[in-house]
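Visitor: I would like a quick tour of this model. Can we take it one question at a time?

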Amino acid sequence: MVAAPPTPSIADADTLSASTDSRGAAWWQRWEIPTWLVAAAIYGAWAGLVLFHAVIPWPLLMLAGAYVLAWHFSLQHEAIHGWQSIPPWLRTALVWPPIGGWLPFALYRHSHTIHHRNHHLTYPGLDTESVYHREEDWARYSKAWRAVLMFNQTLLGRMLIGPILRLRKLVLTEGARVRAGDFRNGGIWLRFAVGLAAVLWFVSSVAHMPIWKYYLLMVYPAFSLGLVRAFIEHRWGEHPEERVASVESNWVFGLLFLWNNLHIVHHLDPVLPWYEIPGAYRRGREELLRRNGSYVFKGYGEIARRWLLKPVFIPIHPRGAPGNAVTPAARRGA
C-alpha cells in the first residue's frame with residue numbers, strides 16, 4: 001500500500017519498490033498488458049493520423065495529434081520508471097522512436113532521473129525540471145526577460161511559449177557542454193538525428209505530409225499539452241512532500257498522462273505501474289494529502305480558471321540552495 005502506515009518519507013523514497021508482488025498478480029499484471037496496449041494504440045494512432053492527414057480537418061488533426069504525441073511522452077516516462085516485466089534495452093527500444101520530434105529519449109531519461117532526487121525538488125540548478133530562479137539571478141535579469149518568465153507562469157503562457165523556453169534551455173545546456181569540450185552526448189544526438197530522419201521520411205515521403213504541417217499541427221501542440229501537467233505539479237515547500245501536487249482529473253487527462261497527474265503517488269513510489277496509481281491514491285488519499293499539505297486540485301479546469309492569465313507564483317526560489325535562509329523578497333514571491 002502506498003500510503004498505509006508506516007510509510008517512508010518521500011524525502012527518503014527516491015527508489016521505493018512497487019507494492020504489488022508479481023508472483024500473486026494476475027497474468028495481465030505480470031506482463032503489464034495495459035502498457036503494451038497503450039504502446040500499440042499510440043503507434044497505431046500516430047501512423048493513422050499521419051497517413052490520413054489530408055482528409056482529417058486540421059482542428060481535429062491538431063487535437064488528436066497533440067494527444068497522441070503527448071501520450072507517447074507519457075509512455076517514455078513510464079519506461080524510465082516502470083514496465084519492468086521486460087529488460088531495459090527492450091523498453092528503451094520500444095519508446096525510443098523520436099516521433100515527438102525534439103528531445104532524445106536518453107537525455108530525457110538522464111534529466112528526469114536527476115529530478116527524482118526528492119531532497120532537491122524545486123531548487124534551481126539542482127532540480128532539472130524546476131522553473132524557479134535564484135534571487136540574485138532574478139535581480140540581474142532585464143525587465144523584458146522577467147516579463148517573459150512571468151508570462152510563462154500563466155497557463156496560457158506555458159502553452160504558448162513554454163516549448164520555446166524548453167528548447168532554448170536544451171540548446172544552451174548542450175551548447176555549453178560542447179564549448180567546454182564535452183562531446184559525451186554526441187552519440188545520443190547522432191542516433192537521434194538518424195531516428196528523426198527516418199520519422200520525417202515516413203511523414204513526408206510515405207504519408208506525403210509536409211514537415212512544417214507535422215510540427216505546426218502535431219509536435220508543437222503536443223509539447224504544449226505536455227506542459228499542462230508540469231505547470232502545477234511542483235511548488236516550493238519546507239518539506240519535500242509539500243512540493244508535489246495531485247490533480248484529480250478525469251479519464252481523458254488521466255490516460256493521457258498515465259495518471260502521473262496524481263503526482264504525489266508517483267514521487268512516493270516511482271516504479272508503481274501507471275494503472276495501479278489511481279487505486280493506490282484512492283486507498284491512501286487522506287494520508288497523501290496530509291503529507292503534501294493538501295496541495296490538490298479537482299482538475300485542469302480549475303487550474304485554467306485560476307491561472308490561465310494569472311501567474312501561478314513568482315519564480316524566485318525562497319532559498320535558492322539547500323540550507324539557505326529565506327529572504328524577504330523571495331518570501332513575498334513564493
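Visitor: In which strand is Ser246 found?
Guide: This is a predicted model. In it, Ser246 belongs to a strand that covers residues 246-247. That strand is β1.

Visitor: Is Ser246 buried or exposed?
Guide: The cut-off for buried is under 20% relative accessible area. Ser246 has a relative accessible area of 0%, so Ser246 is buried.

Visitor: Which side chain makes a polar contact with the side chain of Ser246?
Guide: Leaving aside neighbours within four places in sequence, Ser246 is in contact with residues including Asn261, His263, Tyr281, Asn292 and Phe297. One of these contacts is also a polar contact between side chains, at 3.0 Å. The partner of Ser246 there is Tyr281.

Visitor: The backbone oxygen of which residue does the side chain of Ser74 reach?
Guide: Ser74 sits in helix α3 and counts as buried, at 7% relative accessibility. Not counting residues up to four places away in sequence, Ser74 touches Leu256, Phe257 and Leu258. The side chain reaches a backbone oxygen at 2.7 Å, that of Leu256.

Visitor: How many helices and strands does the protein have, and what share of the residues is buried?
Guide: The secondary structure comes to 16 helices and 2 strands. The protein has 334 residues. The share that counts as buried is 49%.

Visitor: What does Met218 touch?
Guide: Met218 is among the residues with the most contacts inside the largest core. Not counting residues up to four places away in sequence, its partners are Trp46, Leu49, Val50, Leu61, Gly65, Ala66, Leu69, Met209 and Lys213.

Visitor: At what angle do helices α11 and α15 pack, and which residues make the contact?
Guide: Their axes are 11 Å apart, at an angle of about 80 degrees. That makes α11 roughly perpendicular to α15. By class, the contact has 6 nonpolar, no polar and 1 charged residues. From α11 come Val228, Arg229, Phe231 and Ile232; from α15 come Tyr300, Ile303 and Trp307.

Visitor: How are α9 and α11 oriented to each other, and how do the residues of their contact divide by class?
Guide: The axes of α9 and α11 come within 9 Å and cross at roughly 90 degrees. The two helices are therefore roughly perpendicular to each other. Residues in the contact include Pro163 and Leu167 of α9, and Phe223 and Leu227 of α11. They divide into 7 nonpolar, 2 polar and 1 charged.

Visitor: What percentage of contacts with a separation of 6 or more comes from residues 24 or more positions apart?
Guide: The count takes contacts in the protein with a separation of 6 or more. Residues 24 or more positions apart account for 70%.

Notes: Residues numbered from 1 in each chain as written. Heavy atoms only, no water. Helix = DSSP H or I, 4+ residues; strand = E, 2+ residues; numbered from the N terminus. Buried < 20%, exposed > 50% of the residue type's maximum accessible area, 1.4 Å probe, protein only. Polar contact = N/O pair within 3.5 Å; in protein donor to acceptor, adjacent residues only side chain to side chain. Contact = heavy atoms within 4.5 Å. Axes fitted to C-alpha atoms, helices over the stretch in contact; angles between N-to-C directions. Parallel < 35°, antiparallel > 145°, perpendicular 65-115°, else oblique. Nonpolar A, V, L, I, M, F, W, Y, C, P; charged D, E, K, R; others polar. Core = buried A, V, L, I, M, F, W, Y, C linked by side-chain atoms within 4.5 Å.
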